[in-house]
Amino acid sequence: MAAPGENLRINAERLWDSLMEMAKVGPGVAGGNNRQTLTDADAEGRKLFQKWCEEAGMTMAVDTMGNMFMTRPGTDPDALPVYVGSHLDTQPTGGKYDGVLGVLGGLEVIRTMNDLGIKTKHPIVVTNWTNEEGTRFAPAMLASGVFAGVHTQDWAYDRADHEGLKFGDELKRIGWVGDEEVGARKTKMHAMFELHIEQGPILEAEGKDIGVVTHGQGLSWTQVTVTGKDSHTGSTPMPMRKNAGLGMARILELVDEIAWSHAPHAVGAAGHIEVFPNSRNVIPGKAVFTIDFRSPDLAVIKDMEDRLKTGAKKICDDMGLDVEFEKVGGFDPVEFDKGCVEAVRNAAERLGYSHQNIISGAGHDACWINKVAPTAMIMCPCVDGLSHNEAEEISKDWAKAGADVLFHAVVETAGIVE
């Protein structure tokens, strides 16, 4: 395919303005966003994205998981589409760029093509995947997982948030159940590209503009439930306590030890923690928490899972506690398509942006889509590697560099029509 000329760049001011406008939807309390999936704020963000896409001449399709597909036609009606996108949902205390840069960067690709009068052989589809974060409805990347055939739709619809509200009911409530069968287009994809902030400190520390993502870490989420006995903190003798909170604390120390044993490429921690009844003068009778293990090596992930179960069982047995484990999310390490990765690398070199290969430490929709279509990711730096935090920040130049590379990789893959 012919490559775009190196002088062709996206409109950085327009992209930045769009990012800031979307950030007004579902504002957080400290400058970021709380636009959790299938909330009213999520519905509002979707409508704004739809409006912008339709103004850019795209047509919308929505599948039964709420995934949005905004299409710019190609010149060949038989050519398979090139997909580009990410997600608009955020963490409860999320930033303005995680996911959103990839969706609005895809929109900017189309807007720039319109400005320059560029036509492509293949259609281009800008996508917003539903519930990438997995905070409200576990697991992460839920809708792209159903799309790729990893999960069933019935199972996904039955996922409940902490208030007991179900995914399927909430999707219907906000009015974003589409009529397209989920996954119907998965065998009709030419390629997919996802632009994302790094969510780590490497690119900024190395002074690089672009991360060429070659692999994605594997992930394992195990929900652990430790059960003891609620009792009074003042009148229960120490030898007679069944303290689920203490059991959880000892398991968390074990998790840290396990992750350190596989340093430097493995990590582990608990992010979601609930203690019951969570009263000042009641010894916890139950603790529910989710262990997040990650590594680019599947054997390491399996070792960490096994050691968690064995070690946590011994801790609880010794303390007279019960323990249960439930695998609530996960995916194997990912190797992205070599051709798509090369298109990203070539684009960065053509445009004169400094770059390096990188392994993604976070999960992304691209990890599931890579199972059904050639896929690659582009990363730009973020300040101090901070993400999933309202203080998450990137520079306008970093956003521009990432979107420039995205534009060139997508347009070259879609085939410029002279």
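The centres of domain 1 and domain 2 sit 33 Å apart, taken over C-alpha atoms. Keep in mind that this is a predicted model.

So where are these domains in the chain? The domain assignment gives domain 1 as 12–217 plus 333–414. Domain 2 is 218–331. Look at the numbering: domain 1 comes in two segments, and the numbers of domain 2 fall between them.

Now the place where they meet. How many residues are in contact? On the domain 1 side, 15 residues touch 14 residues of domain 2. Between them, the two domains bury about 1000 Å². Carbon and sulfur atoms hold 66% of that area.

Which residues of domain 1 lose the most area to domain 2? Find Gln-217, Pro-333 and Trp-368. Together they make up 51% of what the domain 1 side buries.

Next, the polar side of the story. Salt bridges between domain 1 and domain 2: the count is 0. Residue pairs in polar contact: the count is 2, with both residues at pLDDT 80 or more. On the domain 1 side that touches domain 2, we have 9 nonpolar residues, 5 polar and 1 charged.

Last topic: empty space. Rolling a probe the size of a water molecule over the atoms shows where such space is left. Here the count is 2 cavities of 30 Å³ or more. The largest cavity holds about 60 Å³. What lines the largest cavity? Pro-139, Ala-140, Met-141, Leu-219, Trp-221, Gly-329, Gly-330, Phe-331 and Trp-368.

How values were computed
Residues numbered from 1 in each chain as written. Predicted model: local features only at pLDDT ≥ 70, side-chain atom pairs only at ≥ 80, totals over all residues. Heavy atoms only, no water. Domains from an automatic or database assignment. Contact = heavy atoms within 4.5 Å. Buried area = accessible area lost by both parts, 1.4 Å probe. Salt bridge = Lys/Arg side-chain N within 4 Å of Asp/Glu carboxyl O. Polar contact = N/O pair within 3.5 Å; in protein donor to acceptor, adjacent residues only side chain to side chain. Nonpolar A, V, L, I, M, F, W, Y, C, P; charged D, E, K, R; others polar. 1 Å grid on protein atoms, 1.4 Å probe; cavity = no way out; pocket = protein on both sides within 12 Å on 5 of 7 lines; lining within 4 Å. Points joined across faces, edges and corners; volume = space filled by probe spheres on them.
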